[in-house]
Amino acid sequence: MYQNNPMVTAPRASHFRPPAPLTPLIFLVLFAIGEFSAIPLDIVWEKFTSAWHGPLLMTLKYTVSNLVLPFGMCIAIIFLWVKFIERRPIRSLGFPKQTVLTTYLRGFGFAILLMSLYVVFALILGVYSLDHFRFNGFSFMVWLPVLITLPGWMLQGASEEILTRGWFFQAASKKHVLTGIILSSTLFAMLHLANNGITWLSWCNLVLYGLFAVFYALKTENLWAVCGFHSAWNWVQGNIFGIAVSGNDLLGGSLMSPGAAKGPDLLTGGAFGAEGSLIVSGLLIVSIIWVIIRKNAVSHPPTGA
């Protein structure tokens, strides 16, 4: 059903396609090069910003250091590999020129909807209480650092999608699309094994997210929508609702403070945050089913009378 999908067929024009057994190793090497190549830039940035103080400047400083530089360099390394080693257009990773903004914003909005649904269900189930929910965004000085983090999240989300749903999925799907779907989703989850508060459930949710993301990319036949989704999911979760993102501390503050989560870790997600909860499991499973059904509906429209 996906064999002729542009996300699968695009890399066939490559002058070099690595053998399947080498694909994970090449991925790790490219990822490591991207991470390490950001270190000299980060050293320069740290010296340049050493005298910075105050919440706004510190938010900008750490957004660039923690998000823009490492994830931006990972994107650059993948683009260089595709352009000069595989010798194919960068857009073949899943970046067609058509309807870029509307497709990206559709994915962005989808993530806002799902994360808002998570908060609603968390309130209903008693994980959070309306009595303790606080809105912080009455001052422009609260909004500004939240907005400063957004470009960083946009790069971070795009980077992980380009690495896993873009290059790795395409490489692993050389013979069988199902292989690419399973391996890319599993690899994505493995990249988060060192995160604070990781549990068996949060790891399973990361696999579920990987499955959702790859099916969403196959449905839209590009990476624009899923890049928008990934970036908005993290930004809205952390900087809008004030919930830990994959076990990481908040960067830049948040417009809302939900108060301390209450209940068993299966519902609260523990130190990992929302993504370690059964609520997110349910939302991701429903989303996976939805994108598969929608893809089938588009691929096999009903015939007229």
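Phe 48 counts as exposed, at 59% relative accessibility, where exposed denotes over 50% relative accessible area, buried under 20% and partly exposed the range in between (1.4 Å probe, protein chains only). The structure is a predicted model, in which local features need pLDDT of at least 70 and side-chain atom pairs count only at pLDDT 80 or more, whereas totals for chains, interfaces and linings use all residues. Residues are numbered from 1 along each chain as its sequence is written, and side-chain values use heavy atoms, with hydrogens and water left out.

Another edge-to-face pair joins Trp 81 and Trp 167, at 6.5 Å centre to centre and 90 degrees between the planes. Because Trp 81 lies in helix H3 and Trp 167 in helix H5, this pair ties together parts that are 86 residues apart in sequence, helices being DSSP runs (H or I, at least four residues) numbered from the N terminus. Trp 81 is buried at a relative accessible area of 17%, and Trp 167 is likewise buried, at 0%. One aromatic cluster is formed by Phe 110, Phe 188, Tyr 209, Phe 212, Tyr 216, Phe 229, Trp 233 and Trp 290. Over the face of Phe 188 lies Arg 165, at 4.4 Å from the ring centre, the criterion being NZ of Lys or CZ of Arg within 6 Å of the ring centre and within 35 degrees of the ring normal.

Helix H2 comprises 26 residues (23–48), which at 1.5 Å a residue should span 38 Å, in agreement with the 38 Å between its end C-alpha atoms; the expected span is 1.5 Å times one less than the number of residues. A kink of about 30 degrees in H2 is centred on Pro 40, the bend being the angle between axes fitted to the seven residues ending at a residue and the seven starting there. Thr 23, Ile 26, Phe 27, Leu 30, Gly 34, Ala 38 and Trp 45 of H2 are buried, and their cover includes helices H3 (55–85), H5 (140–172) and H6 (177–190).

The largest nonpolar core has 77 residues, of which Tyr 118, Trp 167 and Phe 229 touch the most other members; such a core is a set of buried Ala, Val, Leu, Ile, Met, Phe, Trp, Tyr and Cys residues joined through side-chain atoms within 4.5 Å. Tyr 118 is placed in helix H4 and is buried, at 0% relative accessibility. Beyond four places in sequence, the contacts of Tyr 118 (heavy atoms within 4.5 Å) include Tyr 128, Ile 243, Leu 267 and Leu 283. A second, separate core of five residues includes Ala 38, Trp 45, Trp 52 and Val 64.

Most residues other than glycine have a negative phi. Thr 99, in the loop between H3 and helix H4 (100–124), has a positive phi near 45 degrees and is exposed, with a relative accessible area of 53%. Glu 221 has a positive phi of about 65 degrees; this residue lies in the loop between helix H7 (200–220) and helix H8 (224–240) and is partly exposed, at 34% relative accessibility.

Methods. Helix = DSSP H or I, 4+ residues; strand = E, 2+ residues; numbered from the N terminus. Phe/Tyr/Trp six-rings, centres within 6.5 Å; stacked < 30°, edge-to-face > 60°.
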